[in-house]
Amino acid sequence: MAPSKPLSKRERTERRRRSAHNYHLKKTYGITIEDYDAILRAQGGKCAICKGGTSKNFFAVDHNHKNGRVRGLLCARSNTGLARFMD
């Protein structure tokens with residue numbers, strides 16, 4: 001078996017970023033990065049409310065604050081809008 005090619009700096013950075021995001025998602029919302037990716041695919045890669053994109057690295061995880069259930073992924077604008085309605 002041939003030795004594998006070392007990862008580039010960009011690939012290592014991306015792996016660290018996804019690993020940190022996975023940790024945050026598990027700890028905060030009880031979902032994995034794979035769950036997050038599946039939700040994003042189901043939403044067509046867009047915000048669940050406005051159907052727009054995001055200028056941030058990730059969409060915000062929209063969840064019910066009483067039971068913790070994840071409802072979808074939101075862009076920063078839609079997430080902030082919901083917060084103003086105290087939802």
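## Helix α1 and what covers it

In this predicted model, the cover over the buried residues of α1 includes α2 and β1 (60-63). The residues of α1 that count as buried are His-21, Asn-22 and Leu-25, and because the arc they cover around the axis is only 105°, they lie on the same side of α1. On the other side of the helix, Lys-9, Arg-16, Tyr-23 and Lys-27 are exposed.

Helix α1 comprises 21 residues (residues 9-29), which at 1.5 Å a residue should span 30 Å, and the distance of 30 Å between its end C-alpha atoms agrees with that expectation. The helix is followed by Gly-30, which has a positive phi, near 75°.

In soluble globular proteins, nonpolar side chains tend to be buried together. Here the largest nonpolar core has 13 residues, and those with the most contacts inside it are Leu-25, Tyr-36, Phe-59, Val-61 and Leu-73. The elements that contribute two or more residues to this core are α2 (33-42) and β2 (70-74).

Leu-25, one of the buried residues of α1, is also one of the residues that Val-61 touches once neighbours up to four places away in sequence are set aside. Counted in that way, the contacts of Val-61 also include Tyr-29, Tyr-36, Val-70, Gly-72 and Leu-73.

As for solvent accessibility, Cys-47 counts as buried, with a relative accessibility of 0%, whereas Cys-50 is partly exposed, with a relative accessible area of 44%.

Ser-78 belongs to helix α3 (residues 76-84) and is buried, since its relative accessible area is 9% and the limit for a buried residue is under 20%. Leaving out residues up to four places away in sequence, Ser-78 touches Cys-47, Ile-49 and Cys-50. Although Ser-78 and Cys-47 are 31 residues apart along the chain, their C-alpha atoms are separated by 7.9 Å.

Definitions and conventions:
Residues numbered from 1 in each chain as written. Predicted model: local features only at pLDDT ≥ 70, side-chain atom pairs only at ≥ 80, totals over all residues. Heavy atoms only, no water. Helix = DSSP H or I, 4+ residues; strand = E, 2+ residues; numbered from the N terminus. Buried < 20%, exposed > 50% of the residue type's maximum accessible area, 1.4 Å probe, protein only. Contact = heavy atoms within 4.5 Å. Core = buried A, V, L, I, M, F, W, Y, C linked by side-chain atoms within 4.5 Å. Expected span 1.5 Å × (residues − 1). Arc of directions from axis to C-beta.
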